[in-house]
Amino acid sequence: MTIDDPGGGTRRRAALCRSVPGALLAGALLVACAAPPSGAGAPALDPERLARLDRVLESYVEEGSLPGAVALVARGGETVYLKAVGERDREARDPMEVDDLFRIASQTKAIVSVAVMMLQEEGRLLLTHPVGRYLPEYGETTVANPRPDGSYAVVPARQPITIRHLLTHTAGISYGGGPAAEEWEAAGIQGWYFADREEPIRETVRGMAALPFDAHPGEAWVYGYATDILGAVVEVASGLPLDEFLRTRIFEPLGMEDTHFYLPEEKRDRLTVVYSAGRNGLERAPDPGGMVGQGAYVKGPRTSFSGGAGLLSTASDYARFLQMMLNGGKLGDARILSPKSVELMTVDHLSGLLLTQVDEVGSGFGSEPGVGFGLGFRIVEDVGARGAPGSEGEYGWGGAYHSTYWVDPAEEVVVVYLSQLIPSGGIDDHARLRAMVYQAVTTTD
């Protein structure tokens, strides 16, 4: 019995499989409730130890701190765990299923970063190129330098913003909450949510260029609209709308049939509901979550394609994308990137730079020791300094709706964890997920 059913069959299937092994076939992760293959020294996750994750995830649902989630773990190309817990819609008592669709927010960034690398491989751009070469309004930009009295001076940027600056979040561009926040608010450009906008992303990005940024290029790690700007670069360099480029060049070749900017009507019943952790427990967002817009992904204008936070996806779809990265840019017969491009993306690019880490949205990067940043991914540099189970060279990130993912090349592990909880109220499920995955890592005798 397989989890994937692209032909449309029954949606409610295999939700109770605790450990779900499978195989990579024709570019897709196929999952079956059967025993995993074994062999001397082969990569393995002990199924009995991995099953401890069931109890951990279910405990968050039972105590009322998590509405529901889907967790997927793969090792050595085999999906060894796929589990849904809780409910997609608590009020309707609709159980969460493994193929439910989630707003993956900033997990979109990794996919658009891959698109940029594809264009470099085709000779359409270089990471060293100034962004102004593709988006002329970025030829000269400004920075808001704060004064002690709380005001700021607008000064010319010390150097042009490059594509590499955008990929590493060192362009100095936040989500509009920096020193010149009032100007960004007046321009109607703040926050990461774009699904309800009626203008193309290219026009929104054009408006950003006229506003003062938070730091000079190359001098600070500032998390914000950088990848949305890269989405506009992809459109100019490729000659295709961002949604079409991603669909034809990445999603279709990788078999990611459930990844969209806007949801097809026939998939509406699989879109999970967003909740917020409030004083009275879980409450249906957007009150008080904000920037949720539950209807816009279905009934919105379908005009704005946010490269920084706009995609919807499933755990299995996103695992295919990550398995492609782990495989050195290839899944099945689909070659998306060269191994050298993957290597460049997944090493630290901040080493040796004297960076001020500005993190207004709480991604955790600026406060986490032992990590660096590559081209679209957080990179683990020192496991001891980080103080959490993992491996050097591990890369990943997450999304605003309380999702996370990582790839551990040393252990051949891919992990995808999706939920819809904003704000999350300080829940520690991400850390316990990590502990449960690594306590199960073994090799077969």
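Reader: Is His165 buried or exposed?

Author: His165 is buried in this predicted model. Its relative accessible area is 11%, and buried means under 20%.

Reader: Where does His165 lie, and what does it touch?

Author: His165 lies in helix 4, which covers residues 163-168. Not counting residues up to four places away in sequence, His165 touches Gln159, Pro160, Thr170, Ala171, Pro217 and Gly218.

Reader: Let us turn to Leu311. Where is that one found?

Author: Leu311 is found in the loop between helix 9 (296-299) and strand 13 (312-313). Leu311 counts as buried, at 0% relative accessibility.

Reader: Which residues is Leu311 in contact with?

Author: If its neighbours within four places in sequence are left aside, its contacts include Phe102, Arg103, Ile104, Ala105, Thr108 and Ile111. Phe251, Thr259, His260 and Phe261 are also in contact with Leu311.

Reader: And how far apart are Leu311 and Leu263?

Author: They are 48 residues apart in sequence, and their C-alpha atoms are 9.4 Å apart in space.

Reader: Phe251 came up there. Which residues of helix 8 are buried?

Author: In helix 8, the residues Leu242, Phe245, Leu246, Ile250, Phe251 and Leu254 are buried. Among the elements that cover them are helix 3 (108-121), helix 7 (226-238) and helix 10 (315-326). Strand 14 (330-331) and strand 15 (334-335) also take part in covering them.

Reader: What span should helix 8 have, and what is found?

Author: Helix 8 has 13 residues (242-254), so at 1.5 Å a residue it should span 18 Å. Its end C-alpha atoms are 17 Å apart, which agrees.

Reader: Where is the kink in helix 8, and what follows the helix?

Author: The kink is centred on Thr248 and amounts to about 35°. Gly255 follows helix 8 and has a positive phi, near 70°.

Reader: How do helix 3 and helix 8 cross?

Author: Their axes come within 11 Å and cross at roughly 80°. Helix 3 and helix 8 are therefore roughly perpendicular to each other. On the helix 3 side, the contact is made by Ile111, Val112, Val114, Ala115, Met118 and Leu119. On the helix 8 side, it is made by Leu242, Phe245, Leu246, Arg249, Ile250 and Phe251.

Reader: A change of topic: how many salt bridges are there?

Author: The count comes to 22 salt bridges. Side chains of opposite charge can pair when their charged atoms come close.

Reader: What does the salt bridge of Glu91 and Arg284 tie together?

Author: The side chains of Glu91 and Arg284 meet at 2.5 Å, N to O. Glu91 lies in the loop between strand 5 (78-89) and strand 6 (94-95), and Arg284 lies in strand 12 (residues 281-284), so the pair ties together parts that are 193 residues apart in sequence. Arg284 is partly exposed, at a relative accessible area of 36%.

Reader: And how far apart are Glu203 and Arg206?

Author: The closest N and O atoms of this salt bridge are 3.1 Å apart. Both residues belong to helix 6 (residues 201-209), and because they are 3 residues apart, about one helical turn separates them. Glu203 is partly exposed, with 36% relative accessibility, and Arg206 is partly exposed at 36% too.

Reader: Which residues are linked with them in a network?

Author: Glu137 and Arg202 are linked with Glu203 and Arg206 in a network of salt bridges.

Reader: Finally, are Glu394 and Arg386 buried or exposed?

Author: Both are buried. Their side chains meet in a salt bridge at 3.2 Å, N to O.

Methods:
Residues numbered from 1 in each chain as written. Heavy atoms only, no water. Salt bridge = Lys/Arg side-chain N within 4 Å of Asp/Glu carboxyl O. Helix = DSSP H or I, 4+ residues; strand = E, 2+ residues; numbered from the N terminus. Buried < 20%, exposed > 50% of the residue type's maximum accessible area, 1.4 Å probe, protein only. Expected span 1.5 Å × (residues − 1). Bend = angle between axes of the 7 residues up to and from the residue. Contact = heavy atoms within 4.5 Å. Axes fitted to C-alpha atoms, helices over the stretch in contact; angles between N-to-C directions. Parallel < 35°, antiparallel > 145°, perpendicular 65-115°, else oblique.
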